[in-house]
Amino acid sequence: MSTTFDPIQRINDGFEQFKINEFNKDPDYYRQLAQKQQPKFLMFACSDSRVSPTNILNLRPGEAFMARNIANLVPVSNKERYSDIGAIIEYAVETLNVEVILVIGHSRCGGIERLLALPDDETSYDFLDDWVSVAEPAKQRVIAENPDASGEELQTLVEKASVLDSLKNLLSYPYVQSGIEANTLQLLGGYYDFVRGNFQILETVTV
Amino acid sequence: MALRLQASTEGVALVQETTETTPKLINDSSDSFTEMKNRFLSFKKHKYLENLERYQELAQAQAPKFLVISCADSRVCPSYILGFQPGEAFVVRNVANLVPPFENGPCETNAALEFSVTTLEVENILVTGHSCCGGIRALMSMEDEENSSSFIKNWVVVGKAAKSSTKATASNLSFDQQCKHCEKESINNSLLNLLTYPWVEERVAKGLLSLHGGYYNFVDCTYEKWTLDYQKSNPKQETGGYAIKNREFWS
């Protein structure tokens, strides 16, 4: 354990800065927010420490209901296996009435890297390996369509294909499908490349 | 608007749209794009390019000292309220910042737990809850043993031990106060569930990993934090005995 890093001081400092520079400077906004949240966005982003949408898209509290998981995956609707993801989508769409669901993939994703390393005869990570296999169809499709791709190029293709699959999987949630049809909801797929410092929209799904 | 306010404060009940409420139509998706583009370019100009060396370093590898498990609620992003910068915290966000126990099997939360603990070797796990949590309210509102078609109910039942202990100790309080009590109990329940993962307990026992609880009250902007005292806790007790230390209240 490092001796110079004080985790409690770190979050104390962070909270103080937030209170002084944000909360206290706009008490009306925060008072309103405390009563209710009305985010326009539901976002799915990776748990990776480098890709918080709050940082890269400069989000304020109240703007985005946010799910963060390894490799920003959205599995096909399954109440038994993936009630965690379903709960996020259900709450965001049915209760909060978000207008946009944005799935953000990113470069050098450890989850996709692990997926590409499977099957791994030497080491297994029971929980991680089970989870990243949600993106297996994207991996198989990319490999079939790009037989010569390897290394970082292959990984980037799978990272992006997985975002597109997540958008498709969102449609397996009935209230998402009906929101699209009623034009009260749209889906966006994005990709943040922190190696090159750029952000692109990969796909949109609207009525 | 009144219907939506009611839906938000009462948490989770599936909202039935009335005929009086007009759904918001998305007229132009280019509004979303333009806004996002401007925000990203601003981040790139003011943060990324001004700290290019740091970002290039991070592009090679991340070494966060924290795993943070936080609620998906739009008001409680740990990057914002605790000031985490790129590279500092591996973050999981789900409904009601719940951590299911090992025996529940694989899910997105414990996949991130496994990766951050065994591969990234984070030194701290912070489970951070908050006031007026819709997920906890759903947990407190649902009937026990309910077989539900709702995803939310199927998920929040992970926190049922917190609900039981709340009902046992705080049943004389108002429902709102019980929910607040449960919000905090649930954090401790999640900390104990963390210890059901062998590779977590092993590291905690060796002093390589600390488990912290945090509670953000966004009504009065205060933050309470505590650390699980592993030596004095005994999660194998029937009532899930735990001890905490270093409690602080920031206001």
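## Where the two chains meet

In this predicted model, the contact is built from 99 residues of chain B and 89 residues of chain A. How much area gets buried between the two chains? About 8400 Å², with carbon and sulfur atoms giving 60% of that area.

## What holds hands across the interface

Let's look at the pairs. Between chain B and chain A there are 32 residue pairs in polar contact, counting those where both residues have pLDDT 80 or more. On the chain B side, the residues touching chain A sort into 54 nonpolar, 29 polar and 16 charged.

The interface of chain B and chain A also has 2 salt bridges.

## The largest cavity

The model has 7 cavities of 30 Å³ or more, and the largest has a volume of about 70 Å³. Its lining is made of 13 residues. Which of them lie nearest the centre of the largest cavity? They are T54(A), R60(A), P61(A), S74(B) and C77(B), so both chains turn up in this list. Sorted by class, the lining of the largest cavity has 7 nonpolar, 2 polar and 4 charged residues.

## The second largest cavity

From chain A, its lining takes C46(A), D48(A), I70(A), G110(A), G111(A) and L128(A). From chain B come Q62(B), F90(B) and F115(B). By class, the lining of the second largest cavity splits into 5 nonpolar, 3 polar and 1 charged.

Terms used. Residues are numbered from 1 along each chain as its sequence is written. Chains are lettered from A and ligands numbered from 1 in the order in which they are written. This is a predicted model: local features need pLDDT of at least 70, side-chain atom pairs count only at pLDDT 80 or more; totals for chains, interfaces and linings use all residues. Side-chain values use heavy atoms; hydrogens and water are left out. Contact means heavy atoms within 4.5 Å. Buried area is the accessible area (1.4 Å probe) that two parts lose on being put together, summed over both. A salt bridge is a side-chain nitrogen of Lys or Arg within 4 Å of a carboxyl oxygen of Asp or Glu. A polar contact is a pair of N or O atoms within 3.5 Å; within protein, one must be able to donate a hydrogen and the other to accept it, and residues adjacent in sequence count only if both atoms are side-chain atoms. Ala, Val, Leu, Ile, Met, Phe, Trp, Tyr, Cys and Pro count as nonpolar, Asp, Glu, Lys and Arg as charged, and the others, Gly among them, as polar. On a 1 Å grid over the protein atoms alone, a cavity is a set of points where a 1.4 Å probe fits but cannot get out, and a pocket is an open set with protein on both sides within 12 Å along at least five of seven lines; lining residues have an atom within 4 Å of a point. Grid points are joined across faces, edges and corners, and a volume is the space filled by probe spheres set on the points.
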